[in-house]
Amino acid sequence: MIALREHIGDVLRDVRQRQGRTLREVSSQARVSLGYLSEVERGVKEASSELLGSICSALDVPLSSVLREVSDRIAVAELMSIPDTIPADLLTHPAFAAL
């Protein structure tokens, strides 16, 4: 199962690190405790939409960009979990007869 909070945390951490900023800097600007921001980044805590907005604001990145990146990462994870073979019982189905 894909945990949304883990992907959100990964994206937020990646953005922060690309900017060369510390957890302390971002937590101060976002007005969230250092420990809580750390837990959000590690996917331990699920941030509210208000908190995500505050963190994105502190990172000077649109929430929509973060959510788009999260969506892209989840799509990749979903594709990786799709089996690359057709189950045997489906092969006997009439829809596959022409193949």
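This is a predicted model: local features need pLDDT of at least 70, side-chain atom pairs count only at pLDDT 80 or more; totals for chains, interfaces and linings use all residues.
Residues are numbered from 1 along each chain as its sequence is written. Local features need pLDDT of at least 70, side-chain atom pairs count only at pLDDT 80 or more, totals for chains, interfaces and linings use all residues, and side-chain values use heavy atoms, without hydrogens and water.

**Exercise 1.** Determine how α2 and α4 cross and which residues meet.

Solution. Helices are DSSP runs of H or I with at least four residues, numbered from the N terminus. The axes of α2 (residues 23–30) and α4 (residues 49–59) come within 8 Å and cross at roughly 120°. Next, list the contacts, meaning heavy atoms within 4.5 Å: Val26, Gln29 and Ala30 in α2 meet Ser54, Ile55, Ala58 and Leu59 in α4. By class, this contact of α2 with α4 has 5 nonpolar, 2 polar and no charged residues (Ala, Val, Leu, Ile, Met, Phe, Trp, Tyr, Cys and Pro are nonpolar; Asp, Glu, Lys and Arg charged; the others, Gly among them, polar).

**Exercise 2.** Which residues of α4 are buried, and what covers them?

Solution. Buried means under 20% relative accessible area and exposed over 50%, with a 1.4 Å probe and protein chains only. Leu51, Leu52, Ile55, Cys56, Ala58 and Leu59 of α4 are buried. These residues lie on the same side of α4 because they cover an arc of only 160° around the axis. Their cover includes α1 (4–18), α2, α3 (34–41) and α5 (63–80). The face turned away from the buried side of α4 carries the exposed residues Ser49, Glu50 and Ser57.

Key: Axes are lines fitted to C-alpha atoms, for helices over the stretch in contact, and angles run from 0 to 180 degrees between N-to-C directions. Helices (H or I, at least four residues) and strands (E, at least two) are DSSP runs, numbered from the N terminus. The arc is that of the directions from the helix axis to the C-beta atoms.
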